[in-house]
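Thanks for making the time this morning. I would like to walk through one part of a model with you, residue by residue, so please have the sequence and the coordinates open as I go.

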Amino acid sequence: MSFLRHVKLRVPSGSARPGPAIGQALGPLGINMAEFCKQFNEKSENMYEKGVPVGVKLSAFSDRTFKFDVRSPPTSFLI
């Protein structure tokens with residue numbers, strides 16, 4: 001399990017769906033988009049209101065596993 005790379009995403013909290021925006025970032029890394037969306041929605045639904053765009057820093061590993069941190073919404077959204 002060696003580290004491949006970090007990926008930064010902006011995803012609506014509690015309502016991530018496998019689609020082109022997420023797929024283009026995670027597909028080349030071999031990460032299961034549905035599994036990411038499931039884990040992300042579970043983790044973010046209690047943090048912010050549904051639909052608030054939040055930053056995500058995802059670490060991808062060579063065995064197609066991942067871990068991610070949910071960041072705060074961008075300042076421009078909060079103003």
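Phe-40 has a relative accessible area of 0%, and it therefore counts as buried. Please keep in mind throughout that what we are looking at is a predicted model. The structure holds six aromatic pairs, and in one of them the rings of Phe-40 and Phe-68 have their centres 6.3 Å apart with their planes at 50 degrees, so that this pair is classed as tilted. Because Phe-40 belongs to helix α2 and Phe-68 to strand β3, the pair ties together parts that lie 28 residues apart in sequence.

Phe-68 is itself buried, at a relative accessible area of 9%, and it forms a further aromatic pair with Phe-66, this one stacked, with 6.3 Å from centre to centre and 25 degrees between the planes. Phe-66 is buried as well, its relative accessible area being 15%. If we follow the ring pairs, we find that they link Phe-36, Phe-40, Phe-66 and Phe-68 into a cluster.

Let me now turn to the helix itself. Helix α2 runs over residues 33-44, which is twelve residues, and from its first C-alpha to its last it reaches 16 Å, close to the 16 Å expected at 1.5 Å a residue. Which residues of α2 are buried? They are Phe-36, Cys-37, Phe-40, Asn-41 and Ser-44, and because they cover an arc of only 125 degrees around the axis, they fall on the same side of α2. As for what covers these buried residues, the elements include β1 (3-12), α1 (20-26), β2 (53-61) and β3 (66-70). At the start of α2, a side-chain oxygen of Asn-32 comes to within 3.0 Å of the backbone nitrogen of Ala-34.

Among the buried residues of α2, Asn-41 deserves a moment of its own. Its relative accessibility is 17%, and on that value Asn-41 counts as buried, the cut-off being under 20%. A polar atom of the Asn-41 side chain lies 2.8 Å from the backbone nitrogen of Ala-16, and, when neighbours within four places in sequence are left aside, Asn-41 is in contact with Gly-14, Ser-15 and Ala-16.

Where does Ser-15 sit? Ser-15 is placed in the loop between β1 and α1, and with a relative accessible area of 19% it is buried.

My last stop is strand β1, where we find Val-7. Is Val-7 buried or exposed? At 9% relative accessibility, Val-7 counts as buried. Val-7 and Leu-58 are 51 residues apart in sequence, and yet their C-alpha atoms are 5.1 Å apart in space. With neighbours within four places in sequence set aside, the contacts of Val-7 are Ala-25, Leu-29, Val-56, Lys-57 and Leu-58.

To bring this back to where I began, Phe-40 is buried at 0%, it is one of the residues in the ring cluster with Phe-36, Phe-66 and Phe-68, and the side of α2 on which the buried residues lie is covered by elements that include β1, α1, β2 and β3.

Key
Residues numbered from 1 in each chain as written. Predicted model: local features only at pLDDT ≥ 70, side-chain atom pairs only at ≥ 80, totals over all residues. Heavy atoms only, no water. Helix = DSSP H or I, 4+ residues; strand = E, 2+ residues; numbered from the N terminus. Expected span 1.5 Å × (residues − 1). Buried < 20%, exposed > 50% of the residue type's maximum accessible area, 1.4 Å probe, protein only. Arc of directions from axis to C-beta. Contact = heavy atoms within 4.5 Å. Polar contact = N/O pair within 3.5 Å; in protein donor to acceptor, adjacent residues only side chain to side chain. Phe/Tyr/Trp six-rings, centres within 6.5 Å; stacked < 30°, edge-to-face > 60°.
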